[in-house]
Amino acid sequence: MDDWVCYERMVLIRCFEEAVERLFSEGRIMGTAHVCIGQEAVAVGIAAALKPGDALTSTHRGHGHFLAVGADPGRMMAEMFGKATGYSRGRGGSQMMADTALGFYGANGITAGSMAFACGLALEAQQRRTGRVVVCIIGDGAANEGLFHESLNLAALWCLPLVVVCENNRYAMSTPVAAGLANTRLAERGAAYGIPGCAVDGNVVADVRAAVETALTRARAGSGPSLVECETYRLSGHSKGDPRIYRSTAEEADAWQREPIRRLEAQMLAAPGSDPARFAACRTRAEQAIAAAIRFAEASPAPDPATVTEGVFAPD
Amino acid sequence: MKTFTLAIRETLAAEMRRDPAVFLMGEDIGAYGGAFGVTQGLLAEFGPGRVRDTPISEQALVGTAIGAAAAGLRPVVEIMFMDFITLAVDQLANLAAKLHYIYQIPCPLVVRAPTGGGRGYGATHSQTLERLFTGIPGLRIAAPSDAADASGLLQTAMRGANPVLFLEHKLLYPLRWKLGEKLPPPVPFGHARITHSGDRVTLIAWSYMAHLCLAAAHQLAAAGINAEVVDLRTLAPLDTETLVAAARKTGRVLIVEEGPVTGGFGAEIATRIFEAAYDSLDAPIRRLAGPDCPIPASKVLEAACIPSIAAIVAAARELAESTN
Ligand SMILES: Cc1ncc(C[n+]2csc(CCOP(=O)(O)OP(=O)(O)O)c2C)c(N)n1
Ligand SMILES: [Mg+2]
């Protein structure tokens with residue numbers, strides 16, 4: 001993925017998330033969703049570092065992660081609309097989509113709930129020597145679950161090919177990191193398990209990519225897991241309908257100054273021979289793609305209620 | 001003659017020889033052989049890659065097994081005492097049980113768990129907690145009452161494509177049954193077994209209580225009361241058809257369950273029978289279960305919490321002789 005591909009993916013994610021917020025406010029989709037506006041560089045930086053065959057696990061805030069590895073926005077949007085053509089045939093909703101063909105083993109509605117699961121994917125890779133590395137994305141709030149500690153300990157103990165990327169977006173719902181973590185320097189927790197822990201600017205896609213690549217290389221060499229903390233900011237509310245009364249508009253305005261898409265744009269514009277019109281065209285293309293995704297979703301059939309109990313078990 | 005323990009161990013070993021994707025995970029299952037000795041000797045044959053000692057991290061070890069299963073391996077996890085499965089309920093309920101329904105990812109996982117009281121281990125090492133899982137679609141639950149079923153159900157569990165909770169009652173481990181050299185055949189899930197035939201009263205149970213019901217039936221027969229004994233074998237799937245037929249046959253049903261009576265699986269069984277065979281019942285369905293209290297350690301107190309053969313015989317007798 002070169003800068004342009006990264007840029008395009010980030011803009012696509014932004015447009016998808018803006019559309020999700022709009023669709024909720026218009027009452028066209030139901031349930032809930034957690035959007036990742038402001039965090040696009042983390043998703044795309046990780047995706048840029050992955051090799052074919054690698055695996056990724058995600059969180060409740062997973063649309064960006066999934067789009068970054070190449071998910072079809074139409075099928076994602078259909079899932080948001082609860083349609084039969086959605087990634088989970090309308091059964092998963094915003095927080096539960098997967099496509100193992102893309103190495104994407106699913107978002108998870110349970111905070112930190114994928115961490116041990118990711119260890120298991122990594123264990124399979126280790127036992128069968130497939131060369132796969134598993135990247136497990138979590139939030140800063142998830143780092144306070146017991147499973148975080150159990151999983152990092154196990155991964156380190158067994159030297160599993162795992163990279164845990166913590167998206168530190170400063171908040172877990174309304175709880176700022178300082179109110180949730182006794183030591184807010186999250187990356188330092190790596191030391192507790194004798195594994196590398198590093199913090200990067202999560203709003204700089206190249207920095208995320210470089211840090212994750214280093215961790216992937218280490219894991220692929222058999223040297224075990226790493227913890228990568230990406231410092232970013234959740235520009236939107238926690239989920240739809242979050243009034244954000246726990247933080248100031250000044251703080252948000254300040255964070256907007258550092259949002260990742262404009263930063264990448266500025267950096268690319270500074271390069272000799274760059275064409276400013278290309279950025280606007282990219283945004284238009286992304287908007288068209290999302291509009292097409294919404295049309296596909298709306299035109300798709302609803303799942304048949306008669307099928308609701310099908311597939312609880314896999315065929316033995 | 002083989003013990004319940006040996007039947008399970010031989011089945012694990014045979015499946016591991018047959019399928020390189022099978023491996024074991026659990027606390028102290030390697031050199032130590034597991035808290036109840038079930039995995040003794042397996043480390044020597046299969047090595048530490050396939051007989052994996054884990055840290056005391058029930059949530060992570062179950063979650064890791066789920067991930068490995070989703071990636072195509074066949075993990076068999078041992079939870080040292082079923083009481084400790086509470087620490088891993090999230091992973092089973094929110095992940096394993098939903099992987100196929102939501103994502104269409106099969107999860108061929110077996111979680112073995114020693115259950116039950118009777119050994120004075122106290123409130124946190126004596127529970128039968130299948131009731132925590134019977135209301136979670138997506139999980140299968142097997143609860144054998146003898147060595148042949150232990151092997152047969154375990155084979156089915158280990159060859160299937162779904163998460164299975166496999167209950168091993170601690171009091172069954174040392175008991176012996178006649179079993180040949182070869183493994184008994186696999187036992188399909190969802191087929192209850194009539195272990196004793198009778199027409200006066202129907203006893204329904206699973207796991208160790210099914211073993212006790214069979215002993216009770218022998219005593220009852222000596223007293224001229226023929227009991228039909230149904231061993232569920234699996235709670236999920238539940239063989240409602242066999243239950244209902246057995247209830248219709250005698251018109252008098254006694255459900256025997258270890259663990260507190262309130263919220264027990266016996267309530268589900270009673271309801272199913274009532275819904276399907278109300279018109280064939282000659283007496284109210286009875287439940288014999290533990291009182292609603294934690295299981296105390298003292299022998300006499302513990303005994304007051306767990307149905308005994310004598311209590312089953314007395315309850316069955318009373319039910320068989322009741323007129324309405
Ligand atoms: C086990 C569990 N507890 C609580 C919640 C409710 N919840 C959903 S997301 C969230 C905040 C998570 O914060 P963080 O891990 O920082 O991720 P972010 O939302 O910032 O992406 C909470 C409390 C949940 N889904 N699962
Ligand atoms: Mg957060």
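Select Asp99(A) to begin: if you leave aside its neighbours within four places in sequence, this residue is in contact with Phe66(A), Tyr87(A) and Phe104(A), where contact means heavy atoms within 4.5 Å. What you have open is a predicted model, in which local features need pLDDT of at least 70 and side-chain atom pairs count only at pLDDT 80 or more, while totals for chains, interfaces and linings use all residues. Residues are numbered from 1 along each chain as its sequence is written, chains are lettered from A and ligands numbered from 1 in the order in which they are written, and side-chain values use heavy atoms, with hydrogens and water left out.

Is Asp99(A) buried or exposed? Asp99(A) is buried, a word that stands for under 20% relative accessible area, whereas exposed stands for over 50% and partly exposed for what is in between (1.4 Å probe, protein chains only). Asp99(A) has no salt bridge, and the nearest side chain of opposite charge, Arg75(A), is 4.8 Å away; a salt bridge asks for a side-chain nitrogen of Lys or Arg within 4 Å of a carboxyl oxygen of Asp or Glu.

Next, select Arg285(A) and Glu8(A), whose side chains do meet in a salt bridge, at 3.0 Å from N to O. This pair links distant parts of the chain, with Arg285(A) in helix H12 (residues 276–299) and Glu8(A) in helix H1 (residues 3–25) of chain A, 277 residues apart.

Move on to Arg28(A) and Glu298(A), which form a salt bridge with their closest N and O atoms 3.2 Å apart. Arg28(A) lies in the loop between H1 and helix H2 (40–49) of chain A and Glu298(A) in helix H12 of chain A, so the pair ties together parts that are 270 residues apart in sequence.

Then select Arg128(A) and Glu124(A), a salt bridge with the closest N and O atoms 3.0 Å apart; here Arg128(A) counts as partly exposed, at 40% relative accessibility, while Glu124(A) counts as buried, at 6%.

For a last stop, go to chain B, where Asp146(B), Asp149(B), Arg193(B), Asp231(B) and Arg233(B) are linked in a network of salt bridges.

Terms used: Lys and Arg count as positive and Asp and Glu as negative; His and the chain ends are not counted. Helices (H or I, at least four residues) and strands (E, at least two) are DSSP runs, numbered from the N terminus.
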